Amino acid sequence: GVRRRMCFARQGAKMARHVLLTGPPGIGKTTLIHKTIDVLKSSGVPVDGFYTEEVRKDRRRIGFDVVTVSGKRGTLSRTSSDSGSLNHRCAYRVGQYAVDLPSFECLVLPLLRKVSDRNDTEKKVYVIDEIGKMELFSEPFIQSVRQILDGPGGTILGTIPIPKGKPLELVEEIRSRKDVKIFTITKDNRNNIVQEIVASVQDCRELNRN
């Protein structure tokens, strides 16, 4: 009955090795990632990776930047009218945005490759915000994410979009994995879910130590 199901649910949570947040655009996933990073860092957990930030000009969104946890910044995308030379050399587009793949890969791939290169005894948390359409133009990025998902040690704290339009292969793959705990962020839960996310990440790190 219900107790048995609850028991299985708890076991499922205990099996998780990675934590992903999902929800509609603008719901506050990146804000929660920031809050979680702050709590983890203050309790001495090593955190690396990147998050995505809106870039605005005269109150108008003109694109997105990638920012590493250590504070380095690079272009992810710009609207066609604000992309300058990027517009002419860009083969990758999402809606009105031209995606600067070289800039993204230059900043992000070294962070993720560090994971697979090292015999990591410190069990880092790798922030990957977001595993979305723009980022998935990069084949090396896809390979790096898969390597962390399947490899020993590292825990991913990431975000994925809600299903919309054509399915994104890696996102659907992640959604169906048994070792991933997914939080769906809503207006109702976003202000009181941080502790639960932090606890899940800590549980994942414990499991990844073994």
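## Overall make-up

How many helices and strands are there in the protein? There are 7 helices and 9 strands, taken as DSSP runs (H or I of at least four residues for helices, E of at least two for strands) numbered from the N terminus. The model is predicted, so local features need pLDDT of at least 70 and side-chain atom pairs count only at pLDDT 80 or more, while totals for chains, interfaces and linings use all residues. Residues are numbered from 1 along each chain as its sequence is written, and side-chain values use heavy atoms, with hydrogens and water left out.

Of the 210 residues, 49% count as buried, meaning under 20% relative accessible area with a 1.4 Å probe and protein chains only.

## Helix α7

Helix α7 covers residues 194-209, and its 16 residues should span 22 Å at 1.5 Å a residue, which agrees with the 23 Å between its end C-alpha atoms. Its buried residues are Val194, Ile197, Val198, Ser200, Val201, Cys204, Arg205 and Asn208. They lie on the same side of α7, because they cover an arc of only 160 degrees around the axis, taken from the directions from the helix axis to the C-beta atoms. These buried residues pack against β1, α2, β7, β8 and β9, where contact means heavy atoms within 4.5 Å.

## The largest pocket

A pocket here is an open set of points on a 1 Å grid where a 1.4 Å probe fits, with protein on both sides within 12 Å along at least five of seven lines, and lining residues have an atom within 4 Å of a point. The lining of the largest pocket has 36 residues, with Pro25, Lys29, Phe64, Glu130 and Pro161 nearest its centre. Helix α2 gives the largest share of this lining, 4 residues.

Notes:
Expected span 1.5 Å × (residues − 1). Buried < 20%, exposed > 50% of the residue type's maximum accessible area, 1.4 Å probe, protein only.
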